[in-house]
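Hi,

Here is the structure I promised to pass on. Have a look first, and my notes follow below.

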Amino acid sequence: MKAQYLFTASSDLNHVNEKMLNQLKCWLDSPELKNIVASFGGDLSAELSVKEKISWLLDFSERWDYRRLQKTQDQKTGENARWKVCNENITPEQEKAVADGVFRLGLTGVQIPECKNFDFILVLGGARFSCLYRPQYAADLIKRGVIRAEGVALLSGMRPVLESEREATDTYAPKAETEYDLINTGGEKAFHLKKEYMEEKYHNENVNLNWAVRKYLGTKEVPVASFSGPSSDPGNRRANSSDTYRFFLEKERVQPGSKLLLITSQIYVPYQQIEAIRTLGIPYGLYIETVGFPTEWGKKLQGMMETANYLQEIRSTIQAANRFINSVL
């Protein structure tokens, strides 16, 4: 089986930009991406620069924004959930092109970190089973001796649990009200933690300003803590990944040169790695890798295995690449 096109970190932080640009070029020039584009009637010219290719793909991939196009929304929040998108109007040829390409494009296939010793494992929050499977994968990597870490940080937000994910989340955290509750329960199960902890919380009428830090007591293998940060733009949105990253760095006083391993779902690995290098690795001088739990863990209740899901996240990767390019060129 051919190797994947991956966005890996560089031990020489002075060459992160150069390495990322080369890896982006390989991803953009891959036959797999070209075949997917061609199945939708497009032709990405090899003569364009990296920046021009990304710009062209941004426009072309609007047709893959299935979250925007979907008709069903969560009744409580009005959100378009990723797991609710469907394959309507996708042809068998397009399905085959995507199925043939997603492994090499990095959206499937379990990855093992290149580095073996990390200062922190950052377990990213999410919907449905994400807050259970991601901590489990972190615990599994440590238990099997694949990696070592000085600490585990569960990163999440205060968003409410959506009704459309309850079928999944009620199987492991039936009383959870927020994503923070979900990942705390998932972390407790994965690392066999007792509900003994020290916790700081800030509550505001504007829920986008709320934050919490929970540090579990009596952990045996590795210290585990949970972080939910406030929004940097509370008047317009809740906290995003960058806000939570910064909140964690400040609370833990993470030093330049530290090594971080991000745990997410495999389908998000390319997007999350590019974003993390842009928002964490470069500005704070950190070594970063991103891996995802095995795709087969999710099965039907986790979702995110349809052709439309993969196309949506290929578009997300293109958007992340565009932000990265604009920040360094």
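**Salt bridges**

There are 16 salt bridges in the structure, where a salt bridge is a side-chain nitrogen of Lys or Arg within 4 Å of a carboxyl oxygen of Asp or Glu. Before you dig in: this is a predicted model, in which local features need pLDDT of at least 70 and side-chain atom pairs count only at pLDDT 80 or more, while totals for chains, interfaces and linings use all residues. Residues are numbered from 1 along each chain as its sequence is written, and side-chain values use heavy atoms, with hydrogens and water left out.

One of the salt bridges joins Lys215 to Glu252, with the closest N and O atoms 3.0 Å apart. Lys215 sits in strand β6 (residues 211-216) and Glu252 in helix α9 (residues 241-252), so this pair ties together parts that are 37 residues apart in sequence. Helices (H or I, at least four residues) and strands (E, at least two) are DSSP runs, numbered from the N terminus. Lys215 is partly exposed at 38% relative accessible area, and Glu252 is partly exposed too, at 24%. For these words, buried means under 20% relative accessible area, exposed over 50%, and partly exposed in between (1.4 Å probe, protein chains only).

Arg237 and Asp243 make another salt bridge, their closest N and O atoms being 2.8 Å apart. Here Arg237 is partly exposed at 27%, whereas Asp243 is buried at 4%.

Then there is Glu275 with Arg278, bridged at 3.2 Å, N to O. Both lie in helix α10 (residues 269-284), three residues apart, which is about one turn of the helix. Glu275 is buried at 11%, but Arg278 is partly exposed at 24%. You will also find a network of salt bridges linking Glu188, Lys195, Glu199 and Arg214.

**The sheet**

Seven strands form an open sheet with mixed pairing, in the order β5-β6-β7-β4-β2-β8-β9. At the edges are β5 (197-202) and β9 (287-293), each of which pairs on one side only; two strands pair if DSSP finds at least two bridges between them. On average, neighbouring strands are turned by 15° against each other, direction ignored. Strand β8 (residues 259-265) runs parallel to β9, and seven bridges join the two. For instance, Lys259 has Tyr287 of β9 as its bridge partner.

Leu217 is in the loop between β6 and β7 (224-228), and is partly exposed at 41%. Leaving out residues up to four places away in sequence, Leu217 touches Glu196, Tyr197 and Met198, contact meaning heavy atoms within 4.5 Å.

**Helix α6**

Helix α6 (residues 130-143) packs against helix α8 (residues 179-190) at an angle of about 35°, their axes 8 Å apart. Axes are lines fitted to C-alpha atoms, for helices over the stretch in contact, and angles run from 0 to 180 degrees between N-to-C directions. From α6, the contact takes in Cys131, Leu132, Pro135, Gln136 and Ala139, and α8 brings residues including Leu182, Ile183 and Gly186. Helix α6 also lies across β2 (120-124), β4 (152-156), β8 and β9, and runs at about 135° to β8.

Happy browsing!
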